[in-house]
Amino acid sequence: MIEIWHGFLKAIELIVTLNPEVLEITGRSLLISASSCIIATFICLPLGSLIHLNNFKGKRALINLIQTFYSIPTVAVGLLVFLLFSRAGPLGFMNLLFTPTIMVVGQVILISPIILGLVIAALSGIDRAVPETAIATGANNFQAATLVIREARYAIYSAIIMGFGRAISEVGLALMVGGNIRGYTRIITTAISLETSKGDIELSIALGIILIVLALVINIVLNRLQQR
Amino acid sequence: MTLIEAVDVNQKYGDRFVLKNVNLRIDQSEVFALIGPTGAGKTTFLRILDLIDRPYSGEIYFNGLNITATKKEQLNARRRMSYVQQKPIVFNMSVYDNIACGLIWRHKKLGEVRKKTEEVLELVGMVDYMKRNAKTLSGGEMQRVAIARALITEPQLLFLDEPTANMDPVSTAKIEKVLEGILQEHRISVIMATHDMSQGQRLAGKVGVMINGELLQVGTPGNIFNQPHNREVAEFVGTENILNGEVVSKDENMTLIKVGDKVINAVSDYQVGEKVLVLIRPENIVFALQRETSSARNNFKGKVNRIDTTGPLVRIEVDCGFPLLGVVTKQAAQELNISIGKEIYASFKATAIHTLKRWA
């Protein structure tokens, strides 16, 4: 127990003194997760609008499939990306394995179903009369879709933050395709995993605290948005 | 000159046709009221004309162009029309942005957008509300925003779908005042759907009656209200006295129609022996305690069967050998000292009667 308390104090010291390694790992985590979140948003917003605003055969089944992928295991995505980008894989020529880029790619695949599903749900919450009124007022299809997205903006912010939360907290994918290379692909979750196995619990606790604080901030922002 | 024309428009939901071979032609600067009971197909027709929905079959011509044909033509045509829906729809943004969006979507310059938005805000009396979020407005205020948004683009054709439905009388009066002002000042064509016959009569120069998806009659308000083409239209426009009769005599000026065991004097084109429907509007019947010596050719003694007070008016049903429903003011009813079972005289002019061919 004393050892844990000691580790906790040391972790606080690491955070307060702005330990370079802690800062570097945290910065990389935020950068990779934010990048994947932005890319996924750019994919999911137009795709979600397309799915929502058009009626086609199999639409319900497609939405069900997207929702099924909300809970896809991170290691399953990791395995898929690994197989695709390993030297023998179809995309191996790109030499992306064990780089931050492949971690972003993996996270985009991981969080896109969440953002996409929640974007469709957010757009479905908007009265159908809104796009119809826009069309009747002279909007073209793109302008009407933009208006609907704007009307659903708070629910869409929530979707994006949910996606970010999933990205920053995942570990299996980052380990498998990033390789947890110090100073290059090491992020908060992979560092906690490694340092704990090495017995260096001070750094693990420090990073754990940061991760919890980040989760807390995300939760507060999410609550604020949902209250609007 | 014809602005918009619907040719053989049909609409089908499932197995049910909700519009049946609707044909309509509206000229430039014409104000047309589409009246009919709830569920008659008025909104469905307006949505098709405004290209929100596609018809099952039929064509829409706007300025002579078939706009059901290509998507590009549809956007061009739609940008010369505006639509105000029954339920006021506002976007989750300021009143100013709600009104300006139509111009922004047409890529108008910011200076022009500002100038026109301020003008239209003035027109609908919403200048003080321009910075407020439109979602926080009352139903009547939201509808004024919707009307302003529809007008700012200076449409050639404005669709109004029950613009005052579910509104209190004060809000209705405000909206109607705004609409009357617009109709007087701007030479735009208007097609308004309403189940309020009097509203249609007040605002429109031409009226169409739609019942069960069919456009049964189009004409001036006077024509529709006084000379309905069939029983359905007559019932809808409030001709509550519809009697079965048969022409028994006819000369140059007058036709005698037997109704029950009584004979009614009417002005009619039908010939002796023809079976007819005799239509008399309740407001054309005059009640008196003694036989009137007025110009009314029809005067019948009857017994009061039923008395209903509706607002400032009293509806009186009298059995004169055939049932006859009339409307008088409360004051007139008091002066007549009307009571159930009392005998009174009902009179109406021969010219107040409209006759229709009866097939059954």
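What pattern does chain A follow when read along the sequence? Chain A reads α-α-α-α-α-α-α-α-α-α-α, and its secondary structure comes to 11 helices and 0 strands. Here helices (H or I, at least four residues) and strands (E, at least two) are DSSP runs, numbered from the N terminus.

This is a predicted model, in which local features need pLDDT of at least 70, side-chain atom pairs count only at pLDDT 80 or more, and totals for chains, interfaces and linings use all residues. Residues are numbered from 1 along each chain as its sequence is written, while chains are lettered from A and ligands numbered from 1 in the order in which they are written.

**Chain A overall**

- Along the principal axes, the C-alpha atoms of chain A fill a box of roughly 70 × 45 × 25 Å.
- Of its 228 residues, 40% count as buried; a residue is buried if 20 or more other C-beta atoms lie within 10 Å of its own, exposed if 12 or fewer, and partly exposed in between, with C-beta atoms placed from the backbone.
- Among the contacts in chain A with a separation of 6 or more, 75% come from residues 24 or more positions apart; two residues are in contact if their C-beta atoms, placed from the backbone, lie within 7 Å.

**Helix 1 against helix 11 in chain A**

- Two packed helices are described by the angle between their axes and the distance between the axes.
- For helix 1 (residues 2–16) and helix 11 (residues 201–226) of chain A, the angle is about 65° and the axes are 8 Å apart; axes are lines fitted to C-alpha atoms, for helices over the stretch in contact, and angles run from 0 to 180 degrees between N-to-C directions.
- Helix 1 of chain A passes helix 11 of chain A in a right-handed crossing; a crossing is right-handed if the near helix is turned clockwise from the far one by less than a right angle, and left-handed if anticlockwise.
- Helix 1 of chain A brings G7(A), F8(A), K10(A), A11(A), L14(A) and I15(A) to the contact, where they meet residues of helix 11 of chain A including I201(A), L203(A) and I209(A).
- By class, this contact of helix 1 with helix 11 of chain A has 10 nonpolar, 1 polar and 2 charged residues; Ala, Val, Leu, Ile, Met, Phe, Trp, Tyr, Cys and Pro count as nonpolar, Asp, Glu, Lys and Arg as charged, and the others, Gly among them, as polar.

**Where chain A touches chain B**

- The contact draws 13 residues from chain A and 18 residues from chain B.
- On the chain A side, helix 6 (129–136) and helix 7 (141–151) are the elements that give two or more residues.
- Helix 6 of chain A supplies the largest share of that side, 6 residues.

**The two domains of chain B**

- Chain B is divided into domain 1 (2–235) and domain 2 (241–357), with bounds that come from an automatic or database domain assignment.
- Taken over C-alpha atoms, the centres of these two domains of chain B are separated by 39 Å.
- Their contact takes 7 residues from domain 1 of chain B and 5 residues from domain 2 of chain B.
- The largest share of the domain 1 side, 3 residues, comes from helix 9 (residues 231–236) of chain B.

**The six-stranded sheet of chain B**

- This open sheet has 6 strands in the order 6-7-8-3-9-10, with mixed pairing; two strands pair if DSSP finds at least two bridges between them.
- Strand 6 (81–84) and strand 10 (214–219) of chain B each have a single partner strand, so one side of each is left without a neighbour in the sheet.
- From one strand to the next, the twist averages 15°.
- Strand 6 and strand 7 (residues 157–161) of chain B pair in the parallel sense over 4 bridges, and M81(B) has L157(B) as its bridge partner.
- Helix 5 (residues 139–151) of chain B lies across strand 6 and strand 7, running at about 175° to strand 6 of chain B.

**The four-stranded sheet of chain B**

- Here 4 strands form an open sheet in the order 2-1-4-5, with antiparallel pairing.
- Strand 2 (16–27) and strand 5 (65–66) of chain B are the edge strands.
- Strand 1 (residues 2–13) and strand 4 (residues 57–62) of chain B are joined by 5 bridges, and V7(B) stands opposite E59(B).

**A hairpin in chain B**

- Strand 16 (residues 298–310) of chain B runs antiparallel to strand 19 (residues 343–348) of chain B, with 6 bridges between them.
- Strand 16 of chain B also pairs in the antiparallel sense with strand 17 (residues 313–319) of chain B over 7 bridges.
- Strand 16 and strand 17 of chain B form a hairpin with 2 residues between them, and G311(B) in the turn has a positive phi of about 60°.
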